[in-house]
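User: I am new to this one and would like to know how its descriptions are reached. Could you walk me through it?

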Amino acid sequence: MLAGIPRPASVPVTRISDVVKHTATSVVTIERFIIEQEKLHPAATGELSGLLYDLALAAKMIANKVRSAGLADILGATDLENVQGERQQKLDVLANEIIIKALDHGGRLCAMASEEEPGIIDIPPNFPCGKYCLLFDPLDGSSNIDVNVPVGTIFSVVRKITPGSRGEMEDMLQRGRQQVAAGYVIYGSSTMLVYTTGQGAHGFTLDPSLGEFLLSHPNIRTPDAGRYLSVNDSYYTQWEPNVKNLMSYYRGQDGNRQPMSTRYVGSLVADFHRNLLGGGLFAYPANRRNKRGKLRLLYEASPLAFIVEQAGGAASDGQQRILDIQPTELHQRTPLFIGSANDVDAARKMLGDAKSASSVSAVGSVGA
Ligand code: AHG
Ligand code: MN
Ligand code: MN
């Protein structure tokens, strides 16, 4: 038995008593919640609040586009679109543009970076610059769009650290623990936005009739050990032996724990969101072909790591805490083990200890 790793408990996620009960005459909108949170910081200027509200607007715009994704071909043939000269765009390119245009003019940002753009996205010279940088994955899991499977948006906000008004690469390449806010939107059976500014992780559900995100999951807490394992098994032959051992442990194949249930959507946001609420682990290990895995540190792993830690979970690359990694490149990749704290701890022990012992047999002795 792995020392210190208890068997998973069937702890319910967000307790039902934690879920806000709106009444017919009183709801907590995301705007109201953001303003209430801002009051906790007497020195706050309102810039971060404005930025979060702009992001919520962008999320609603993207949600609209995602909802009609299956109609793209039909709508693309209408006269209206022809007259306006619009062409159908790939949804991830569209989502990228929506976010940039919703955020570039408000005077809150000094620069942005996106999965869809190779370098820093400057604020246009005719707009004022602010003190924050935004890094984002406009549409996560975009290969799932055509088959009507949930996709998402992920974002990270850091404070500008260089002098001058324009954002620079040094501003972007900050450790995840420097984030001042992070969040994701899941476009699923409902649209949800989950974010943190370091005072818990809070979830909002879009009420389509009001066009507003309403507080539905305040203070999300993730179970310490989870039910679900999310990993793409097709890389099995590419994994190093210590990763294979770890996956055998999660599956209960080594007899040291009850097996986890496998769930893999292929949209990080969707897999992460389910595990955050239900407990479990998302793993995208390095493999022989992709030595640093696939997922991007700055706008996939780091923001979700900030959220999961705020919810009582953990995130590691197998060697160190995701939030402690010093980035060196904008589009840097990282192996990722994220979710319930005990399950991430197992990865850290079986992969981290393995590295220091530099022997697979040493891992086996830990795991067996
Ligand atoms: P993106 O659509 O932003 O490029 O991200 C796709 C990512 C992530 O959402 C998902 O978890 C992972 O790719 C799936 O990769 P595999 O197909 O290799 O499992
Ligand atoms: Mn992605
Ligand atoms: Mn993407």
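Analyst: Gladly! A nonpolar core is a set of buried Ala, Val, Leu, Ile, Met, Phe, Trp, Tyr and Cys residues joined through C-beta atoms within 7 Å. Please keep in mind that this is a predicted model. The largest nonpolar core here has 100 residues, and the members touching the most others are Leu109, Cys133, Leu134, Leu193, Leu304, Ala315 and Ile338. Helix 2 (residues 47-67) gives this core its largest share, eleven residues.

User: Why is this core said to lie between domain 1 and domain 2?

Analyst: Both domain 1 (28-217) and domain 2 (228-358) contribute residues to the core, so it lies between them.

User: What does Leu193 touch, beyond residues up to four places away in sequence?

Analyst: Leu193 touches Ile30, Ala56, Ala59, Gly183, Val185, Phe204 and Phe213.

User: Why is Ala347 called buried?

Analyst: A residue is buried if 20 or more other C-beta atoms lie within 10 Å of its own. Ala347 has 29 C-beta neighbours inside 10 Å, so Ala347 counts as buried. You will find Ala347 in helix 10 (residues 341-357). Leaving aside neighbours within four places in sequence, Ala347 is in contact with Leu246, Ser316, Gly318 and Phe337. Across the chain of 368 residues, 47% count as buried.

User: How do you know that the span of helix 5 agrees with its number of residues?

Analyst: The expected span is 1.5 Å times one less than the number of residues. For the 13 residues of helix 5 (residues 91-103) that should be 18 Å, and the end C-alpha atoms are 18 Å apart, so the two agree.

User: Which residues of helix 5 are buried, and what do the buried ones pack against?

Analyst: Leu91, Asp92, Ala95, Asn96, Ile98, Ile99, Ile100 and Leu103 are buried in helix 5. The buried residues of helix 5 pack against helix 2 and against strand 1 (109-114), strand 2 (121-122), strand 3 (132-140) and strand 4 (151-159).

User: What surrounds ligand 1, and why is ligand 1 placed between the domains?

Analyst: Around ligand 1 are Glu115, Asp137, Asp140, Gly141, Ser142, Ser143, Asn232, Gly266, Ser267, Leu268 and Lys294. By kind, the shell has one nonpolar, six polar and four charged residues. Domain 1 (28-217) and domain 2 (228-358) both give residues to this shell, so ligand 1 lies between them.

User: How many helices and strands does the chain have?

Analyst: The chain has eleven helices and 13 strands. Of its contacts between residues at least 6 apart in sequence, 66% join residues at least 24 apart.

Conventions
Residues are numbered from 1 along each chain as its sequence is written. Chains are lettered from A and ligands numbered from 1 in the order in which they are written. This is a predicted model: local features need pLDDT of at least 70, side-chain atom pairs count only at pLDDT 80 or more; totals for chains, interfaces and linings use all residues. A residue is buried if 20 or more other C-beta atoms lie within 10 Å of its own, exposed if 12 or fewer, and partly exposed in between; C-beta atoms are placed from the backbone. Helices (H or I, at least four residues) and strands (E, at least two) are DSSP runs, numbered from the N terminus. Domain bounds come from an automatic or database domain assignment. Two residues are in contact if their C-beta atoms, placed from the backbone, lie within 7 Å. A residue is near a molecule or strand if its C-beta atom, placed from the backbone, lies within 6 Å of it. Ala, Val, Leu, Ile, Met, Phe, Trp, Tyr, Cys and Pro count as nonpolar, Asp, Glu, Lys and Arg as charged, and the others, Gly among them, as polar.
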